[in-house]
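This briefing goes through one chain by topic. Please keep the sequence and the structure at hand while reading.

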Amino acid sequence: MNEYTPENGDLVWDEETSRVGRVMDRFGARWLLRPPAGGREWDTRGPLRPATAAEKLSMGVVLANARSRGGAP
């Protein structure tokens with residue numbers, strides 16, 4: 001099995017925190033993630049995997065709701 005290595009900007013599922021995040025950077029064995037709708041970044045050791053279509057759709061709804069409230073673009 002190939003180990004997944006995300007790139008900056010990828011939407012991933014962080015198995016350590018059970019959250020979807022956008023990859024912002026990597027520092028050694030740690031990844032810096034941010035909620036897709038914006039907010040406070042967190043760091044994790046993962047493991048990380050690509051976000052599923054359902055998880056991406058869910059984040060799309062979160063972003064649309066934030067925009068409707070005048071929040072994140």
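This is a predicted model: local features need pLDDT of at least 70, side-chain atom pairs count only at pLDDT 80 or more; totals for chains, interfaces and linings use all residues.

**Overall build**

- Five strands and one helix make up the secondary structure of the chain, in the sequence order β-β-β-β-β-α; helices (H or I, at least four residues) and strands (E, at least two) are DSSP runs, numbered from the N terminus.
- Along the principal axes, the C-alpha atoms fill a box of roughly 40 × 25 × 20 Å.
- Of the contacts with a separation of 6 or more, 36% are between residues 24 or more positions apart, where contact means heavy atoms within 4.5 Å.

**Surface and charge**

- Buried residues make up 32% of the 73 in the chain (buried is under 20% relative accessible area, exposed over 50%, partly exposed in between, with a 1.4 Å probe and protein chains only).
- Carbon and sulfur atoms hold 52% of an accessible surface of about 4900 Å², by the Shrake-Rupley method with a 1.4 Å probe.
- The chain has 11 positive and 10 negative charges, whose mean positions are 7 Å apart; Lys and Arg count as positive, Asp and Glu as negative, and His and the chain ends are not counted. Each charge is placed at NZ of Lys, CZ of Arg, CG of Asp or CD of Glu.

- Four bridges pair β1 (residues 11-14) with β2 (residues 19-27) in the antiparallel sense; pairing requires at least two DSSP bridges between two strands.
- L11 has R22 in β2 as its bridge partner.
- The hairpin of β1 and β2 has four residues between the strands, and S18 in its turn has a positive phi of about 55 degrees.
- β2 also runs antiparallel to β3 (residues 30-34), joined by five bridges, with V23 opposite L33 in β3.
- Two residues separate β2 and β3 in their hairpin, where G28 in the turn has a positive phi of about 65 degrees.

**Helix α1**

- N65 lies in α1 (residues 53-68) and is partly exposed, at a relative accessible area of 37%.
- N65 and L33 are 32 residues apart along the chain, and their C-alpha atoms are separated by 21 Å.

Definitions and conventions
Residues are numbered from 1 along each chain as its sequence is written. Side-chain values use heavy atoms; hydrogens and water are left out.
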